[in-house]
Amino acid sequence: MNINTNYENLEQSYLFSTIAKKVNEYISNNPDKKVIRLGIGDVTLPLCKAVTEALHKAVDEMGVQSTFRGYGPEQGYDFLREAVQGYYKKHNVELELDEIFISDGAKSDLGNILDLFAKDNTVLVPDPVYPVYVDTNVMAGREVKFVDANGDNEFLPGVNDVEKGVFPDIIYICSPNNPTGAVYNKEQLKSWVDYALENKSVILFDSAYECFISDKNLPRSIYEIEGAKDCAIEFCSLSKTAGFTGTRCGYTIVPKNLGKLNKMWVRRQTTKFNGVPYIVQRAAEAVFTDEGQKEIGENIAYYKENAKLISDTLKECGIWHVGGKHSPYIWLRCPNNMKSWEFFDYLLNNAQVVGTPGAGFGRNGEGYFRLTSFGSKENTIEAMSRFKKLFK
Ligand code: MLT
């Protein structure tokens, strides 16, 4: 037996596992301190009423012979695919049902999709970015090239930022961006789409945070851009949209215009995946009803208020930051020129507030730090008052 030695090229543990371990150690050494977690982007509000009602109903159906369901379609039940199709239509995007694949979340599919691509593809990843893109490619032994996201390009790298001589086959884009909260406008995305079409590359577009976009002119889906169906796969999730981080459901769009990829994805999923549980798919369906949309809208507004509170506090403290407007994440420059992990320790030890060190998202994240607005309002207020004590 030979192991996959590519794993030796990874950081020793996944970013959020490293943070959890450090925080747990701190808590066991300081049991009297109240730690506030604004690190991992995990939601705190419960599932909305429309969703829990759908869950209860589906559970009851599973306990009755005539409505019990066993294996479902690997690509998802039509009732949910139709709901997703309707959601896209609202944003003027027409999708065929067999371009929509129900998944257990964007993270899994962002990794799984790599089964479709040869090992010798060149991969282009913005730096900083969600670490899953890099780690999954490193596991497969694929070489990753980076395109710099920084203050100069407002954390939105464009095609002109790609290093000369690099011809990417696979391009990752995350908008609204994790971790910086930056959002591409239509013109900027169009230039990536044109670039991909010209270079015959595929864009893997992560739209997990689309529901936080409040400006109607900003694209929530890459398919709002002409030509994108010929070059892009889109990943979305109900984790942040509807509090499904523990419930697990998302969707991936593989357009049929992408030649073999749609059929290959069907082949992959039917072989390696048995679909999302029926009860979870019924819960997800409820998210797309009028009632569900209204209820999740209230939750998103709650998180946005937290984001505003964080942003206002940072302003008061004179700490440079972006994000938080069309995103649950606030991206700040560490005060006093601290390095990311140094600031992480400083904040944990002196304010008992947990955030995510920017360096964990890539080289360009060094010196930056991410806070999430997914905490409870009470904890966010408390965390910000601790911030003021330290930095105002
Ligand atoms: C994050 O904090 O970046 C996300 O919660 C991670 C994820 O969605 O997997």
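Q: Contact here means heavy atoms within 4.5 Å; with that in hand, how many residues of domain 1 are in contact with domain 2?

A: Before the count, a word on the model: it is predicted, so local features need pLDDT of at least 70 and side-chain atom pairs count only at pLDDT 80 or more, while totals for chains, interfaces and linings use all residues. Residues are numbered from 1 along each chain as its sequence is written, and side-chain values use heavy atoms, with hydrogens and water left out. Now the count: 30 residues of domain 1 are in contact with 38 residues of domain 2. The chain is divided into domain 1 (13-42 + 292-391) and domain 2 (50-291), with bounds that come from an automatic or database domain assignment. Their C-alpha centres lie 26 Å apart.

Q: Which residues have the most contacts inside the largest nonpolar core?

A: A nonpolar core is a set of buried Ala, Val, Leu, Ile, Met, Phe, Trp, Tyr and Cys residues joined through side-chain atoms within 4.5 Å. Buried means under 20% relative accessible area, exposed means over 50%, and partly exposed is in between (1.4 Å probe, protein chains only). In this model the largest core has 101 residues, and W192, I203, F244, Y251 and F387 have the most contacts inside it. At least three of its residues come from each of domain 1 and domain 2. There is also a second, separate core of 28 residues, with A106, Y130, C174 and V202 among them.

Q: How many residues does helix 10 have, and what is its reach?

A: Helices (H or I, at least four residues) and strands (E, at least two) are DSSP runs, numbered from the N terminus. The expected span of a helix is 1.5 Å times one less than its number of residues. Helix 10 (residues 290-316) has 27 residues and reaches 39 Å from its first C-alpha to its last, close to the 39 Å expected. Its buried residues include G292, I296, Y303, I310 and L314. N306 is in helix 10 too, and it counts as buried because its relative accessible area is 2%. Setting aside residues up to four places away in sequence, N306 touches S373, G375, S376, K377 and T380. After helix 10 comes G318, with a positive phi near 70°.

Q: Where are the charged pairs that link distant parts of the chain, such as K392 and E316?

A: Side chains of opposite charge can pair when their charged atoms come close. A salt bridge is a side-chain nitrogen of Lys or Arg within 4 Å of a carboxyl oxygen of Asp or Glu, and the whole structure has 22 of them. K392 and E316 form one, with their closest N and O atoms 3.2 Å apart. K392 sits in the segment after helix 12 (377-391) and E316 in helix 10, 76 residues apart. K392 is exposed at 64%, and E316 is partly exposed at 41%.

R386 is buried, since its relative accessible area is 13%, whereas E382 is partly exposed at 33%.

Q: What is the nearest side chain of opposite charge to D135?

A: For this search, Lys and Arg count as positive and Asp and Glu as negative; His and the chain ends are not counted. D135 is buried yet has no salt bridge, and the nearest opposite charge, K107, is 8.7 Å away. You will find D135 in helix 5 (residues 132-139). Apart from neighbours within four places in sequence, D135 is in contact with L10 and Y14.

Q: Which backbone angles belong to P128, P176 and E154?

A: Omega tells you about the peptide bonds at the two prolines. The bond from D127 to P128 is cis, with omega near 10°, and P128 lies in the loop between strand 3 (123-127) and helix 5. Another cis bond joins S175 and P176, with omega about -5°. For E154, look at phi: it is positive, near 55°, in a residue other than glycine. E154 is in the loop between strand 4 (144-148) and strand 5, and counts as exposed because its relative accessibility is 63%.

How values were computed. Contact = heavy atoms within 4.5 Å.
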